[in-house]
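Please consider the chain shown below, together with its sequence.

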Amino acid sequence: MAEASPGQKLQELKIRYIAGLPDRMDELRDSWNRLQYVSWDPKALAFMSQCAHKLSGSGATFQFPDITNTSRVLEQHLLALLEKPDASAAERGQVDHALKALEQAIAQATTSESELVATEPKPVVEEKRQHRIAIIEDDTNQAEHLKNWLEQQGYSGEIFDNPYAYSQRTEGQQHHLILLDISFPKGALEGIAWLERMKSRIGTHTPVIMMSARSDMVARMRALRAGADLYLTKPIDMGVLEKRIQQLLKSPETTRPRVLWVDDDADLLTYYNIMLTNAGYEVETLSQPVRILEQIEKFQPDAIVLDHEMPGCQGAELAQLLRQDARYMTIPLLFVSAAPEARALLEQQSIGGNEFFSKPLDDKKFLKALHQHLTKAQLIATRINLVSQRRESLGLQNLDYFLAGLGDLLTTLTNKQQGQSYYLAQASIDRQDFLRAQHGARAMARLNTRMEKHFAQQLTAGNSGCALGDGSFLFLLSTPAGTDGQAFLEHFHTSLSTPDWVLEPSTPVTLSLGALTLNHSLDEDSALLEVEKACTEAMDKGGNRILWQQAPEPSPEVKVDNRIRELIEARSFKLHYQPIVNMETGDTLFEALVRLVDENNVVYLPGQFLDQLPEDNRNPFHDLDRWVIQHAVQDLAQLTGKASASHSVSVKLSSPMADIEPLLSLLSSTMRDARLKGKLRIYLALSGSGVIKDVAKAKKIRQLVQNMDCGLVIEHLDISPASVELIKELGAVDLVKLAPALGAHDKQTLALDQFLQQLKSTLNSSEKIVVTGVEDTKALTWFWERGIRNFQGYFIQEPNLAMNYEL
């Protein structure tokens, strides 16, 4: 038997609603008769008020506006009587009149039932949905081959020879899936750069399969970090591609946004379920508000819709409860109510955003707002990952923060550091593809969530971990030098494994572990590649085992120092960029970070090479600072599109305060030659500890900088009266950055609260304060509630990727 069409379902629901109206009217009449002739019972009055409230919300929803209007009048009269010991004759007359009007409206509605039943709708046969798939590939033969193959499989394929052609030709349209190459004429990783910019625009849940001839871990990681759902190597195995496309397109678990709707009116819940399902959402309804936390944990919704007036609780109370949990802080909450006064109670905005809708619901307006809130929530989640160490206070680290820590560790390891041994480990679920095919994506996602929590609990102080995605995890481990490495890693593997890793009904899940001993001969990419090889080999040997790989022998330190001097002489400097993000608007300021990089992409931090810079007639940093200024302006000038006019760069110089003023002339001429347009495109960052030693010089620099239409940033402010006095003394500064330690939970004290209030008063704005080192979402929310919107995170990349990263 063919499934009923959406129109048939709604008609059946309307018929059922009409059939239940006489019973509702009888309940109201019986309650009113008991109140008048037996006893004046506040509980019976409250029951009548609740019944009238439900009818006022549902009547117009089912195209009966008279029911909504008359029941709303009745509800108002009943609410006026709730606080009274009895009703006067006039008040009783008003209720009687309102009841009669409602009876007439219901009578009119019930006469339409026979017409609905008599008009038997013709069965609607839904056409098979044809999925539109975009192929972004510059190899014409490869693209045509993919298009022909897709059409043979019943899909509609559309070819774009580069990512920007896709952006220009699909304005206002949306594909169901994108096949994206990595390499294009503009750059070997141009596909990744474009995906980072466009992921938030191409649809909240549009899957992306990235294709490349590169099979290494580094390429896959960069693709996944950019937002790809899958990574396939060329030549493409068409059987694998077919299976992956089916998984992404046909599984509602992975492609449909999930909405939880809480309302005590069963008829309305059924209506909303049909409406949202029709619009492409996965819906769960709940008529018992007290079970909301249990249902959220089980369903993992992307958005929650709450009725405001429900027996035993209000929507605002549930919202307040949810916002106290870091896991639910960014979920959009939309309120629906027939009570006009409810809007005033819901003015406070959360990070995820709230919006109020009156019953009867305007379906089109609501669906448009829901889509906007889901898109905004996705953007905010991206920004939170960008600026915080971890999602939850006791969870694993965010991937970007973990990789930044790994990179920092590798650049600071020397063969003189004999006190600790360091290991990079990758744990992966054995038989991941088989388990996904057997149990489904949702079951695997729940397993991954449980594993994340368990793994975070196993990490001791000084160790860290992150979820890599697709059933894999990375860990950075340390142990005192001389510890038996094999025994240490076996113990760690045992701590990750547990009999609880079972997929229903009784499929056991095991983990393989690849491990690599770290030293300074490794860079981030090579370390990740080696540990992936070790983990893959462990799985290939049957799984549920460890494979430990030693790193290459490090070079003597004297050779490292000689190598650094060679690179300095060759001027092998490079700028990476770390964003300061406005969480509300997405406006981004990129802080330029200078690094020394060799031909193998081994990175040396300033702490490793600044003391080896050659002296000149000014100071050892003068030549480096000139290089930083010229290349930061050059990188900014080379941006195209929206970024060319909206992005700004913050430059931090190494020279002492006394030597900065002459460098401003170079900055001015470089900006003029680059023809930068607009104000505040370049910011100069000064450390608060340096400024306080020569405030007079700093005030002169501030004036010169502002005369050039540039901005001034004062960094590393700590909680002290001196910090506030310094800002007062300097006058108008554009941004102040708090010391990184203040982003942690244990620093969120009354003293910090008072310090922020003093800063806001001095700056006349909270928009000028930047928080760094944010520990997790809960810590971020603490600052958000105090008006802070600018945060600096841990995502550090090269300019062609980072400065084009639109949020």
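This is a predicted model: local features need pLDDT of at least 70, side-chain atom pairs count only at pLDDT 80 or more; totals for chains, interfaces and linings use all residues.

Residues are numbered from 1 along each chain as its sequence is written, and side-chain values use heavy atoms, with hydrogens and water left out.

The chain has 30 helices and 28 strands; helices (H or I, at least four residues) and strands (E, at least two) are DSSP runs, numbered from the N terminus. Of the 807 residues in the chain, 52% are buried. Here buried means under 20% relative accessible area, exposed means over 50%, and partly exposed lies in between, with a 1.4 Å probe and protein chains only. The accessible surface of the chain is about 36,400 Å², and carbon and sulfur atoms account for 49% of that surface; such areas come from the Shrake-Rupley method with a 1.4 Å probe, and for residues only the protein chains shown count as cover. Among contacts between residues at least 6 apart in sequence, 70% join residues at least 24 apart, contact meaning heavy atoms within 4.5 Å.

Helix α11 comprises the 13 residues 266-278. How far apart are its end C-alpha atoms? They are 18 Å apart, which agrees with the 18 Å that the helix should span at 1.5 Å a residue; the expected span is 1.5 Å times one less than the number of residues. At the start of α11, a side-chain oxygen of D265 comes to within 3.1 Å of the backbone nitrogen of D267. The buried residues of α11 are D267, L268, L269, Y271, Y272, I274, M275 and L276. An α-helix has 3.6 residues a turn, so residues three or four places apart point the same way. After α11 comes G280, with a positive phi near 95°.

The charged side chains form 21 salt bridges, a salt bridge being a side-chain nitrogen of Lys or Arg within 4 Å of a carboxyl oxygen of Asp or Glu. One of them joins E103 and R29, with 3.4 Å between the closest N and O atoms. This pair links distant parts of the chain, since E103 belongs to helix α4 (residues 89-118) and R29 to helix α1 (residues 6-37), 74 residues apart. E103 is partly exposed at 31% relative accessibility, whereas R29 is buried at 18%. K541 and E537 form another salt bridge, their closest N and O atoms being 3.3 Å apart. K541 is partly exposed at 49%, and E537 is partly exposed at 36%.

In a further salt bridge, E591 meets K737 at 2.8 Å, N to O. E591 lies in strand β21 (residues 588-597) and K737 in strand β26 (residues 735-738), so the pair ties together parts 146 residues apart in sequence. E591 is buried at 2% relative accessibility, and K737 is buried at 7%. Both belong to a network of salt bridges that links E591, K652, E715 and K737.

E75, in helix α3 (residues 65-81), is buried yet has no salt bridge. The nearest side chain of opposite charge is that of R72, 5.6 Å away; Lys and Arg count as positive and Asp and Glu as negative, with His and the chain ends not counted. Leaving aside neighbours within four places in sequence, E75 is in contact with S49, A52, H53 and S56.

Two loop residues complete the account. Most residues other than glycine have a negative phi. R675, not a glycine, has a positive phi of about 60°. R675 is in the loop between α24 (660-674) and β24 (682-687), and is exposed at 71% relative accessibility. D709 is not a glycine either, and has a positive phi of about 65°. D709 lies in the loop between α26 (695-707) and β25 (711-717), and is partly exposed at 36% relative accessibility.

Technical notes:
A polar contact is a pair of N or O atoms within 3.5 Å; within protein, one must be able to donate a hydrogen and the other to accept it, and residues adjacent in sequence count only if both atoms are side-chain atoms.
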